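Please look over the sequence and structure shown here; a briefing on selected features follows, grouped by topic.

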Amino acid sequence: MTGRIIEFAVIGASLATTLMAGSLAAETHKEYRFNVGPRAGVSVNNPYGSISVKPSTGNVVVVNAVLSSDKVEVDNNVTGNRVEVVSHLLPGADARSGSIEYEILIPADASVTLHSSTGALHVEKLRGDVTLEGAGATVDVRDITNAHVHIKTLNGPVTVTNVQDGHVEVDSLSGKVTLNQVTGPLVQVISTSGGINYTGDFGDRGEYRLTSHSGDIEAIVPDTTSADVSARSVRGEVHDDIHLQPRQHVPYVLEKGSAFWGTMGRAAVSSTVVLRSFSGKIHLSKRSAK
Amino acid sequence: MTCVELQESLAENEKANNAAQRAHLKDCPHCSALVAELLVIACAAGELRAANEPSARVWNSIEIALRKEGLIRPQRAGRSLLPALSSGWGRWLIPVAAGLLVTAGILVRQHLPSRQVANNEYTASSASTGVESEAAVAGLNDDDLIQEIAQQSPALQAQYTENLRHVNQYILDAKSSIAADPNDEDAHRSLMEAYQQKSMLFELALDRSLP
């Protein structure tokens, strides 16, 4: 009996090793390097798989790709100061066999455009414009300075962290949108049914507009925030836990529980914040001290 | 079909739904984004309020400028196509004819479906009617989109159908808000944002990132 168990264990281990070796053998690693000038443009279209973009040193774009099978190949094209990378699905490819995982290094001042249907999109520490599009892609953007960020998703969740001094525009039909320490001259989030969470101080002198048709909107701000805040929900509840100086003349009726409009902090140096929902809840609250 | 040919063909078929157009849009993200934007503009244009019509002074200024350019010339005396109407009982014929035409126009309009009347009839209760209302909202061809998704990516069909339902509800709710208060700027902006979301839905569906 003991011998039989050992026999089965050996056969099982051999089978597992063979399968693992087979899958590893199917994976292919490729690396591409492109020299570019200042403010280059980089575009990546990857239907299946993740794309991660980080800054490189020097004016070089480095593309590391892990191809899951021979049913997909990497096509690349350089036109002037623009690099285009496309995952080319071959006949018979599906979400598993057509997947490529990209890790890309680009100059910090380069602008990047990423398209993916399902994979995670990650961008960090850049100073160039960032444009991300994906139906179900999970989007994570962080540490971007003085650049525009444009994000479009169908239902993929979006997280934007520490993005300052640029325009941030997020359009997500049903994905949850989370903004942490996002400030700039324009910050706009539009969602149909996704929720929106904002944590931060709304900077100064910027325009912030968070709109969701049926999703909830939550804004958590510190005591030091200076902002003119208006909130309105047609059918949902509106709450503010912060003492706002009420605005005197407003274009619509401020029905308690459905709308508020007031100023917090210093009115002379403040951002304009607009929170709108049709049937979702809106909640403005103060960040608790640690 | 090239991009130039597609853009020229939009003059005949602005919905870009014939086979050649669809085949090109499948592979060309630039043209697919253009078509999605044109559809949104075409639908949103109908929502422009009458208050956006320029004042009479603007039209007068335009007329003066056109006359200066020589594009409008005064009619020369004695060359009227209707010389008999320049005197006697003929002088009264034109205003009478104009009045009859206006009256006929009013009578015809009363019997035709009015877009403005239809907009004012959008209420919260009508916003909850079934598939037909949703499909007709914004005029964008929802059935074509779902059919395209079903052919390209059947696994995503349920997601796109659900999101399409939500965004059509968004549009209907925004229209009902406008109907309740036509001067509500927030409601007008909501309608534009709703169309923008729907345009994005179409764009994502037609985008090259769709496997």
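**Helix α10 of chain B**

α10(B) is mostly covered, with 17 of its 22 residues buried, where buried means that 20 or more other C-beta atoms, placed from the backbone, lie within 10 Å of a residue's own, exposed means 12 or fewer, and partly exposed lies in between. The model is predicted, so local features need pLDDT of at least 70 and side-chain atom pairs count only at pLDDT 80 or more, while totals for chains, interfaces and linings use all residues. Residues are numbered from 1 along each chain as its sequence is written, and chains are lettered from A and ligands numbered from 1 in the order in which they are written.

**Helix span**
- From its first C-alpha to its last, α10(B) reaches 32 Å, close to the 32 Å expected at 1.5 Å a residue, the expected span being 1.5 Å times one less than the number of residues.
- Helices (H or I, at least four residues) and strands (E, at least two) are DSSP runs, numbered from the N terminus.

**Contact between the chains**
- In chain B, 22 residues are in contact with 29 residues of chain A, contact meaning C-beta atoms, placed from the backbone, within 7 Å.
- On the side of chain B that touches chain A, α9 (157-180) and α10 (185-206) each supply at least two residues, and the largest share, 8 residues, comes from α10(B).

**Positive phi in chain A**
- A:Lys125, in the loop between β9 (121-124) and β10 (130-134) of chain A, has a phi near 55 degrees, a positive value in a residue other than glycine.
- A:Gln181 counts as partly exposed because it has 16 C-beta neighbours inside 10 Å.

Technical notes. Two residues are in contact if their C-beta atoms, placed from the backbone, lie within 7 Å.
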